[in-house]
Every structure is written in structure tokens, then in C-alpha cells.
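Here is a short report on one protein model. It covers packing, helix contacts and a few individual residues.

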Amino acid sequence: MSDATVLHLVRHGESGWNAARRVQGQSAEAPSLTAQGRAQARAAVELLSELAPHARLVISSDIDRARETALIVAAGLGLPVRWDPGLREQDLGELEGMTFDDELDGVRVADIVDGLWTDPDRRPPGGESIRDLHRRVHATLARIAAEMPARATVVVTHGGPVRVARVPSADGLRRTAVENASVTRVTIAAPAWHSRRAS
């Protein structure tokens, strides 16, 4: 597939709210990386140097935890970096900042978040549904692939976008684990999507 664009999706390293088990979403109050998160980002550089030796660009979500990860990755690979808000995490509205053990209207936040993945059209108060996220992320990745045809590109993003990027439909999705600073390879060859796990 010589005309394919290979995107290496990197989830950001561990953040302060990952460690505190708080819902992050797009919150402007969510802190950036922990020391462990920075170490994870540096480890991702080593993996990417093997998986994407011909990459020419790092494109990242503009949320702080992704930005810091992207800067570490870009510096380690010697690549330029640019920001794209289309790669942001799912907007989780009123859930953002709450811990997964907190309750909203008598329901544990962890259960609310899991429920969003079993019903892709359900929205948290003030936030996006999984179907909204899927449409946004797929449109963004398709645009990136069109801008970078037949080239490997490193994309730094979040757990939600990585999950939805791997599948062509929002229906039947589950909230599977995506490790901090893991790398997932997605190959885009219009009109089909092909993906496989790289880490």
C-alpha cells in the first residue's frame, strides 16, 4: 500500500490526574505530566525510533499533558511539532475534575464513564458522546492523512481518541485499556481504515 499514510498514535504519559484517578477530559485545570509520565514519554521515543524511523512530523492535541508528551517526543526524534485541537480528549463536561469514586446523582462516576462506552449516543452533562468523539477524531485523522500522504506521522493524543481511532464505527465500542505513552499504529488508505496494535 504505497499510497497509505501510517499514523503512530501515542497516548500522553501519566498526568497528575491520572495518578489521582480524576476525570480529565478537556479540563483546563488538569495538570500536566508526573515524573513517571515524563519517563514514559522518553521511553516512547525509543519505541518510535524503531517503529517510525522515517516520520517527519509530530502532531499533538493542544491539552497540556499531550503537549508536554509531544515536546519530549519531538525533541527525542528531532522532529517539528504542531498542535491540533481535533485530537483532544472527549469533553466530559461536569464529570471533569471528579474522582472515579465520586457520585453524580447517586451514581459512581466510574460507572457513568463506563456507561458512555456502552451507549455511544449518551452524553455526560455538558459534554460529548462517544459518537461525537468518534466523528471528530476520524475527521481529524483523515485530514492529517490527506495532508501527509504516504508518510509516517507521529500523533500524540489521549486514551479516548486512541480507542475510537482503531475502529470504523462507534457502535459496539468498549472502554478497553490504553496504557500511558503506548503506541498504536493506524494505517489509512482511502477509503478503508486498517489498524493494528504496535506496542
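Helices (H or I, at least four residues) and strands (E, at least two) are DSSP runs, numbered from the N terminus. The model is predicted: local features need pLDDT of at least 70, side-chain atom pairs count only at pLDDT 80 or more, and totals for chains, interfaces and linings use all residues. Residues are numbered from 1 along each chain as its sequence is written, and side-chain values use heavy atoms, with hydrogens and water left out.

A30 sits in the loop between helix 1 (16-19) and helix 2. A30 counts as buried because its relative accessibility is 7%. Contact means heavy atoms within 4.5 Å. Neighbours within four places in sequence aside, A30 contacts W17, Q24 and R65.

Two packed helices are described by the angle between their axes and the distance between the axes.

The crossing of helix 2 and helix 3 is right-handed.

Which residues in helix 2 and helix 3 meet? Helix 2 brings R38, A41, R42, V45, L48 and S49. Helix 3 brings E68, T69, I72, V73, G76 and L77. By class, this contact has six nonpolar, three polar and three charged residues. Ala, Val, Leu, Ile, Met, Phe, Trp, Tyr, Cys and Pro count as nonpolar, Asp, Glu, Lys and Arg as charged, and the others, Gly among them, as polar.

I72 of helix 3 touches L33, R38, A41, R42 and V45, not counting residues up to four places away in sequence. I72 and Q40 are 32 residues apart along the chain, and their C-alpha atoms are separated by 9.9 Å.

**Nonpolar cores**

A nonpolar core is a set of buried Ala, Val, Leu, Ile, Met, Phe, Trp, Tyr and Cys residues joined through side-chain atoms within 4.5 Å. The largest one has 33 residues, and L7, L9, L95, I130, L141 and V164 touch the most other members. Strand 1 (5-11), helix 4 (109-118), helix 5 (130-147), helix 6 (159-165) and strand 7 (183-189) each give two or more residues to this core. Apart from it lies another core, of 16 residues, including L48, A52, A70 and A181.

V164 has contacts with W117, I130, L133, H134, V137, H138 and L173, leaving aside neighbours within four places in sequence.

**Helix 4**

Helix 4 is largely enclosed by the rest of the structure, because seven of its ten residues are buried. These are V109, A110, I112, V113, G115, L116 and W117. Their cover includes strand 4, strand 5, helix 5 and helix 6. D114 also belongs to helix 4, but is partly exposed at 36% relative accessible area.

**Positive phi**

Most residues other than glycine have a negative phi. D105 has a positive phi of about 55 degrees. It lies in the loop between strand 4 (103-104) and strand 5 (107-108). A150 also has a positive phi, near 60 degrees. A150 is in the loop between helix 5 and strand 6 (152-157).

**Accessibility in loops**

D171 lies in the loop between helix 6 and strand 7. D171 touches P120 and R131, not counting residues up to four places away in sequence.

| Residue | Relative accessibility | Class |
|---|---|---|
| D105 | 77% | exposed |
| A150 | 43% | partly exposed |
| D171 | 49% | partly exposed |

Conventions. Buried means under 20% relative accessible area, exposed over 50%, partly exposed in between (1.4 Å probe, protein chains only). A crossing is left-handed if the near helix is turned anticlockwise from the far one by less than a right angle, and right-handed if clockwise.
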